[in-house]
Amino acid sequence: AAGAGAGGRLIGFADAKAAFAAAPCRGGRGCPHWAPMKITRIQATPLNLPIEVGAGARRKTTALSICLVDVETDTGLIGTGMTAITEEEIVAAAVNEVAGPALLGSDPLRHEQAWDRLHWLLTPRGQSGYASHAIAAVDLALWDLKGQALGQPCWRLMGGARERVPVYATFGFAFFDRDELADAAKQWVARGFTRLKMTVGHHALQRRDEPRPLAEVVAEDLRRLRAVRDAVGPDVQLYIDANCSLDYVHALHLAQRAADIGIAFFEEPVAGNDVANLAKLRAKVAMPLAAGQNEGQASRFRELLAAQAVDVVQPNVCITGGYTQCLRIAGMAQAFGATLANGGAWPHHNMHLHAGLAHGGLVEYHSVAVDCTRQVFDDLAVPQDGWLTLPSTPGLGFKPHRERIAELAKRPLSRGAGKA
């Protein structure tokens, strides 16, 4: 008889017997040597990574922070997770001082047990914020471990619906002028991407006292959108993201006046992902609305869906409590008939969720986030013609580069400036 080995490869009985004999004896429930795998150490490493953003001659140097989490076991297996778009110092402290010690000695394969324990430890009264980031990073590490222990990539463990996922490229940043933005869009299309996302709003509410009137920001956004549409033509799907930087009035103004441009979805159009304002906006505009990448509680997605406030639900596994909670949110989205997509970047982690589930959708190939992960991980998949192919390697399918991480960890941390 033949069985499935790592990555689904068929193996014969002799191969399976040899592999079993070579493995360390942990027995089974009827064996006197049986014992579950145990977590022996959990360590978070905060990093503030240098990056260069731009295209051609137009470049900008900045930094983006992440927090890596390693979960070590008594078998020698190590799983690695991460989180970002947060204060890396605070999340690292939460993991190292609170979450990590709470899971020592437990079985890393029991991810529901671990997730529930961390939920009641860090968010017993519905708190979100840093807690959901810490839980996400630990949960990703546990899924990475599970895949390694079972000889399967994570996307297969989540259902194995498809072997590749469609991606959209986030490229259109605020520091580009109109001509540079149009040129950058054409470069991404030349690389095989037919789905592009650009930012709008540009911290308008936060910076309104510079002075920088919101109406002027929106007017320039419209000119920028038309420049990109003219550059790439009608067949490229174009998405926009305000990063919660507009109020309802100006988000409505932008959406109504951009109706003829052909926007595939408008992401995080209003401050705070305010459910009432999103529902009002959705009732008045034709373009689909998207939100959810920065939400920490599953109940927030229920509120968005029940209020019919969004068309596209965007949990991010690196932020929204990891795979364990995002699987639940995906089920809610499917029950409500809403589209599931990745927002908030980190495609190489999020692609496992969207490949695993039949309801999975688009994955965001955010150029800045990808540059960050390349500094930390090896063997990252590269898109071909707008698609990412999932790895067959057990776990997440890519490994942290320990020497580079050790050098990057010597850099000063962001002190709140690492979410750019």
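These numbered points comment on confidence, nonpolar cores and salt bridges in a predicted model.

1. The average pLDDT of the chain is 92, and 90% of the residues score at least 70. Over residues 1-13, however, the pLDDT is below 50, although this stretch has 22 contacts in the model beyond near neighbours in sequence. Residues 16-21 also have a pLDDT below 50, and this stretch has 1 contact beyond near neighbours in sequence.

2. The largest nonpolar core holds 97 residues, of which Ile-66, Phe-171, Leu-196, Leu-225, Phe-266, Trp-346 and Val-376 touch the most other members. Helix α7 (residues 214-232) gives the most to this core, contributing 7 residues. Another core, of 23 residues, lies apart from it and has Trp-115, Leu-118, Ile-135 and Ala-141 among its residues.

3. Leaving aside neighbours within four places in sequence, Trp-346 is in contact with residues including Leu-64, Ile-66, Met-82, Asn-316 and Cys-372.

4. The count of salt bridges comes to 17. Lys-197 in strand β7 (residues 195-199) and Asp-241 in strand β8 (residues 237-241) are 44 residues apart, yet they form a salt bridge whose closest N and O atoms are 3.4 Å apart. Lys-197 also meets Glu-364 in a salt bridge at 2.9 Å, N to O, with Glu-364 placed in strand β13 (residues 363-366), 167 residues from Lys-197. Lys-197 counts as buried because its relative accessibility is 1%, and Glu-364 is likewise buried at 2%.

5. Arg-282 and Asp-311 meet in a salt bridge at 2.8 Å, N to O. Arg-282 lies in helix α9 (residues 275-284) and Asp-311 in the loop between α10 (298-306) and β11 (312-313), so the pair ties together parts 29 residues apart in sequence. Arg-282 is partly exposed, with a relative accessible area of 27%, and Asp-311 is partly exposed at 23%.

Terms used:
Residues numbered from 1 in each chain as written. Predicted model: local features only at pLDDT ≥ 70, side-chain atom pairs only at ≥ 80, totals over all residues. Heavy atoms only, no water. pLDDT = per-residue confidence, 0-100. Contact = heavy atoms within 4.5 Å. Core = buried A, V, L, I, M, F, W, Y, C linked by side-chain atoms within 4.5 Å. Buried < 20%, exposed > 50% of the residue type's maximum accessible area, 1.4 Å probe, protein only. Helix = DSSP H or I, 4+ residues; strand = E, 2+ residues; numbered from the N terminus. Salt bridge = Lys/Arg side-chain N within 4 Å of Asp/Glu carboxyl O.
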